[in-house]
Amino acid sequence: MKSDISKSRIRRIVSLRRKKKTSTAPVTFRNSSWLAVAYLLICIGFSIGSLLCANLLTGFSGPRIGYVIGLNVALLIASALAGRLLLGQLAPEILARNSRILMLCCIVILTNLLQTAVLVGVFRMHESIPFFCPLTQHTASATCTGLRESSPFLMPFLFAPAMATLVAGSGAGFAIGIVMTIQNLFFVPQQTVLPIILIGLMIAVTAPRLLRKVYRRSGLLRVFAVTGLLQVAGVLVHLIMRCYFTHPEIAPSLFLRTDLIFTLISILIDFVATVAVLPVVEHIFGACSNIRLSAYADYNSELLMRMDLEAPGTCQHAKNVADLAAAAAEHVGANALLARVGGLYHDIGKLNSPEYFSENIQPGTPNPHDSLPPTISAVILSAHVKDGIAMAIDNNLPYPVQQIIRTHHGNSLMPFFYKKAVSLAEAHAKQTGTEPEPVDESSFRYASPRPNTLEAAIVSLADGIEAASRSLTHKTTVSIERLVTAIINSKMQDGQLDEAPLSCRQLAELKRVFTSRLTTILHARIPYTDEEAKKSIAALPGEVKSAVAAAQTPAPHPELPIPSGTSGS
């Protein structure tokens, strides 16, 4: 499908974005790229004390303490730089928000503290659980060397990448997974370095991809169980190294038993910690996971049920927008669930005055705007955005959904009332024989920021396209395609998409998906004449024909029986 976006418009958008990036204005501290490095270095540095405590408890003392400190500092710097580089490539939007950087750093610190607590607890109790120390059964050594070598498999490998993926996306999940792969070496003896690195890399690659489609806690447990199989692969590598190179005199079953039990405990710790910490992180940092979003996608929620009763036209419009936005987001790599929830709630502000919006005006009912000045009508229309934000805050809607409500109109123009104001000014000037007074265009624009995320831009386009489609008389594929193209082009010309991370390829894909989906929603049935209907019924099988005839025969109302002795007319 050929895109109608002209080259001049493409050059205009590219030029605006280039000017924005190369602006000579001073870069604010909030958006500084080095802020990510500072946060990672400072926040992760707080975990050095706990890490050193764990290392000291595992047998490091004397001159080796200096070596341990130097190695840990080097690993901290390496992990911080790796996290900064990966976040810059895979999730650059996170680097522009201090709260998101701090959230990821807190997740890393929580992981380090959890690792320390688990390992310290194991070494404190190793004397009372000789079942996990196979080497003590074959050597006279009082130290549990086998437990020290198996203990890294007890660490929560999945907690950090899973939390980062759920609250910040798969790009952040991969970056934090690599960061933790490096930091896991704090707790690893020399014999288990290779298996732990292998486990960390496999989890960093696979866990974010598997968690992208998780909408329930049961699905979270299923992903953790599947990812646990990757840890078993590391266990097998460790088993080969220990039994054939380090301790060939020990039976492999003794090591395998300890490693597998520790791996199972690690998966359970990951799941329990993630389920317990996720709501707290979402509440403190205003983040939102798909698990939380799925609760708001239910049509039986309080706000949607209220909208269905008080503003049925707006409710149906919101459902259509949600379907369009979710289908489009799925094809361009955005969060389809966030787009759907944002589409469902983007117009909740209309509940304060539903009778002033055309989709809720019943046929034959006078339009209240006919008796109002266009400036007052513009104020009423623009108020639904502020009212929607207030209702979203009162009902604890997630912050990304609030942003979609805030930006779904941007600072766009209300063309109908603007043209009405111009017409009234010209008519008044014609009557008085004077020059028409200029109409302030800003009075007829929404006072909202423009969409700056992919999901917000998709909902904004879906909102405009669905609303305009109601005025179509001939709902054919060609007319729908022209409408979609006109809406997208008008949004671009008005600058509403300048801050959205949309490429030309994504715009073309959105146009195709919107056209296809809207054609399905608005498809018209073939009209039949009476003669065609009779021919169609005659061609039906006997049983179906009798059922159709019975359905077409009117039946008396069950509560109003026809009295005997009357004609029934």
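Colleague: Which residue's side chain does a polar contact of 3.1 Å join to that of Lys-213?
Modeller: A polar contact here is a pair of N or O atoms within 3.5 Å; within protein, one must be able to donate a hydrogen and the other to accept it, and residues adjacent in sequence count only if both atoms are side-chain atoms. At 3.1 Å, the side chain of Lys-213 makes such a contact, and its partner is the side chain of Glu-330.

Colleague: Good start! What pLDDT must side-chain atom pairs have to count?
Modeller: Residues are numbered from 1 along each chain as its sequence is written, and side-chain values use heavy atoms, with hydrogens and water left out. This is a predicted model, in which totals for chains, interfaces and linings use all residues, local features need pLDDT of at least 70, and side-chain atom pairs count only at pLDDT 80 or more.

Colleague: Back to Lys-213: is this residue buried, exposed or partly exposed?
Modeller: Lys-213 sits in the loop between α9 (193–211) and α10 (217–246), helices being DSSP runs of H or I with at least four residues, numbered from the N terminus (strands are runs of E with at least two). Buried means under 20% relative accessible area, exposed over 50%, and partly exposed in between, with a 1.4 Å probe and protein chains only. Since its relative accessibility is 47%, Lys-213 is partly exposed.

Colleague: How many helices and how many strands does the protein have?
Modeller: Of the 569 residues, 45% count as buried. As for secondary structure, the counts are 23 helices and zero strands.

Colleague: What share of the contacts with a separation of 6 or more comes from residues 24 or more positions apart?
Modeller: A contact means heavy atoms within 4.5 Å. Among the contacts in the protein with a separation of 6 or more, the share from residues 24 or more positions apart is 78%.

Colleague: How are α13 and α14 oriented to each other?
Modeller: Two packed helices are described by the angle between their axes and the distance between the axes. Axes are lines fitted to C-alpha atoms, for helices over the stretch in contact, with angles from 0 to 180 degrees between N-to-C directions; helix α13 (residues 302–310) and helix α14 (residues 312–332) pack at about 130°, with axes 5 Å apart. Angles under 35 degrees count as roughly parallel, over 145 as roughly antiparallel, 65 to 115 as roughly perpendicular, and the rest as oblique. The orientation of α13 and α14 is therefore oblique.

Colleague: Which residues of α14 are met by those of α13?
Modeller: The α13 side brings Leu-304, Met-307, Asp-308, Leu-309 and Glu-310. Their counterparts in α14 are Pro-312, Thr-314, Cys-315 and Ala-318.

Colleague: How far apart are the C-alpha atoms of Val-277 and Ile-107?
Modeller: Val-277 is in helix α11 (residues 252–285), and its contacts outside four places in sequence are Leu-110, Phe-159 and Met-163. Val-277 and Ile-107 are 170 residues apart along the chain, and their C-alpha separation is 9.4 Å.

Colleague: Last one: near what value is phi of Asn-396?
Modeller: Asn-396 lies in the loop between α16 (374–394) and α17 (399–407) and counts as exposed because its relative accessibility is 52%. Its phi is positive, in a residue other than glycine, and is near 55°.
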